[in-house]
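Hi,

Here is the structure I promised to pass on. Have a look at it first, and then read my notes below.

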2 protein chains.
Amino acid sequence: MKAFLDDRQRRHDPRHFMANGRVLQSPEQPARVDVLKAGAEAAGCRFEAPADHGMGPVAALHSPEYLTFLQTIHTRWSRIPDASDEVIPNIHPGRRPASYPRSAAGQAGFHQADTACPIAAGTWGSAYWSAQTALSGAAALSGGAPMVYALSRPPGHHAYGDMAGGFCFLNNSAIAAEALRADGWRPAILDVDVHHGNGTQGIFEARADVLSVSIHADPARFYPFFWGHAHERGIGAGEGYNLNLPLARGTGDDDYLRTLDIALERIAAFGADVIVVALGLDAHEADPLRGLAVTTPGMGRIGAAIADTGLPCLFVQEGGYLNDALGDNLTQFLAGAAG
Amino acid sequence: MKAFLDDRQRRHDPRHFMANGRVLQSPEQPARVDVLKAGAEAAGCRFEAPADHGMGPVAALHSPEYLTFLQTIHTRWSRIPDASDEVIPNIHPGRRPASYPRSAAGQAGFHQADTACPIAAGTWGSAYWSAQTALSGAAALSGGAPMVYALSRPPGHHAYGDMAGGFCFLNNSAIAAEALRADGWRPAILDVDVHHGNGTQGIFEARADVLSVSIHADPARFYPFFWGHAHERGIGAGEGYNLNLPLARGTGDDDYLRTLDIALERIAAFGADVIVVALGLDAHEADPLRGLAVTTPGMGRIGAAIADTGLPCLFVQEGGYLNDALGDNLTQFLAGAAG
């Protein structure tokens, strides 16, 4: 299977991660890249460097204000006396529309939904190349490859058009899906990360030309809390084109696969001719975030079920954090998909 | 001048205050009560304990979800393993409407706009009695007193109907204004705190029966960043009933008083028969937050200009932080008002 990765994606090395009022080390570490790359190679992936598709396909979904913010905020923040090394927000516009602030602190709160997306000097470059990796995967599908793996890191599915969150800055899966659509495809995004793909939902919720389906741990008591509930079905022209399938905490393989069948039926009914899989591996039973309890063989069954649709697939890496099974989970998933 | 204060308002002793990515000691300390009380007494205030007006007038403006949250969240938060002593949010629903979360962490992000309103065991009791202090002031006006000072602490004007923020939990000034309206008055709120009264604006912005006027440092580069701009004039039926008068950083007495004239003209045109003054003292040149540069004599001139309207006035304490001039600023303000 063709695969993409750029070494500049390692530069982002976030430190600040606040949970339950305490500051911890972020689990979204550069070392994930090595583990995931080895896992993909064990499934037969051959990695190439991505091409640079430029800002156009990124700016198709992310606002100019937000992209300017991501590229400049660390330099501006660093000029604040006694500021921390990373940009961390401390106030948020709970109600929008809100007026757009000019200051670094105000913009941080406007564009960062939580304290799990600190921005340091290397963040923009890594986010940019993570998106280019996904775009190169989309281009490879358009070029005729049946399946491609994009090792996008940092991940993307919590990023809105103008808001970072949950380790994510640019929404790689959404950017790839939009590029495919612009190339004439009819894409469905299938998000199997343990967390709801709230950024993806936010980007496409008013549109009927890209279907968004997400299977995830019930957000009532799990990140991202405010989004991912079953009643969120899209808005306006997009009503009916967003499907959330929340699962009880601790759900295992068989129940997961039954829910996956519902997702794949909806994708077939949409008439999708390509699937962008937002491939989180954190639904695994050993993941430190402890949302669901899919086994390593279960990961292979999920990959195989998606491949059984016969549709071209772009697998874009999302979450999945360091644990002994991480690499093997990716190997099993991709091997299951490759059949 | 009649004045109100309850000793239970001292129990709230917040520690966590994040600014520019670093955690500092909160400037909203219980010691403010002693300084402010002495300052008011020097202006001739005689303090009484507030009566308990119950939850009705509080619940008239704050949602039941939010009030339940304020009363129960600390106990629930304390059950989370390794949680911090104070409830501090780490994710925020940047877009509303959002689904209401069931978990403590999700609710904290839903109901706390920033990291400057930590909730500890004593917070609810202090916030409740701070609101009762303001309500007792309103009742005294209805009973015929021409001017009353309510030493409300913690402050209130950043609190929305369902969201804490900026040291504030219950919006004391808004609660008092609504109680006066229910008593047959036609109230205007005049907010002279250095920060925009965003919670007050949020509570009344769709209503035409309470006028909200706020004079404050330009929020483009000052808390609360997203609100307080001149173009925010109220919404729907409330359009034209919200007046924001942002001032350049460092504005001094004369320019401040010219702007106050504009505020008082609007209050007269509204036909207000009572003014609730959201009395922050942090517009002073020595305040640690360094927004405006009103002098101590200037505080007296502001108080006198408001009293010159001849309207009954309820002065509800908002911000103003420990500095050598804090007590004297209150003395001058109230003495200026008392004439």
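**Helix H4 of chain B**

In H4(B), the buried residues are Ala104(B), Ala105(B), Gly106(B), Gln107(B), Ala108(B), Gly109(B), Phe110(B) and His111(B). Please keep in mind that this is a predicted model. That list makes eight of the eight residues of the helix, which spans residues 104–111, so H4(B) is largely enclosed by the rest of the structure. Within chain B, the buried residues of H4(B) pack against helix H3 (64–78).

**How the two chains meet**

Chain A touches chain B through 45 residues on its side, and 45 residues of chain B are in contact with them. About 4,100 Å² is buried between chain A and chain B, with 57% of that on carbon and sulfur atoms. On the side of chain A that touches chain B, the elements giving two or more residues are strand S2 (16–19) and helix H4 (104–111) of chain A. H4(A) gives the most to that side, with four residues.

What about polar links across the interface? The rule finds 14 residue pairs in polar contact between chain A and chain B, both residues being at pLDDT 80 or more. For salt bridges across this interface, the rule finds zero.

**Symmetry**

Chain A superposes on chain B by a rotation of 180 degrees, with 0.0 Å of shift along the axis and an RMSD of 0.0 Å. This is the relation of a two-fold axis. The interface residues of chain A are also interface residues in chain B, 100% of them, so the copies meet through the same surface.

**The nonpolar cores**

Which residues touch the most other members of the largest nonpolar core? Among its 51 residues, they are Tyr149(A), Leu190(A), Ile267(A), Leu279(A), Phe315(A) and Leu334(A). Helix H8 (residues 253–270) of chain A supplies the largest share of this core, seven residues. Another core lies apart from it, with 50 residues that include Leu264(B), Phe270(B), Ile275(B) and Cys313(B).

Leaving aside residues up to four places away in sequence, Leu190(A) touches Val213(A), Ile215(A), Leu260(A), Ala263(A), Leu264(A), Ile267(A), Ile275(A), Val276(A), Val277(A), Ala278(A) and Ile306(A).

Best wishes

Terms used:
Residues numbered from 1 in each chain as written. Chains lettered and ligands numbered in written order. Predicted model: local features only at pLDDT ≥ 70, side-chain atom pairs only at ≥ 80, totals over all residues. Heavy atoms only, no water. Core = buried A, V, L, I, M, F, W, Y, C linked by side-chain atoms within 4.5 Å. Buried < 20%, exposed > 50% of the residue type's maximum accessible area, 1.4 Å probe, protein only. Contact = heavy atoms within 4.5 Å. Least-squares fit on C-alpha atoms with pLDDT ≥ 70 in both. Buried area = accessible area lost by both parts, 1.4 Å probe. Salt bridge = Lys/Arg side-chain N within 4 Å of Asp/Glu carboxyl O. Polar contact = N/O pair within 3.5 Å; in protein donor to acceptor, adjacent residues only side chain to side chain.
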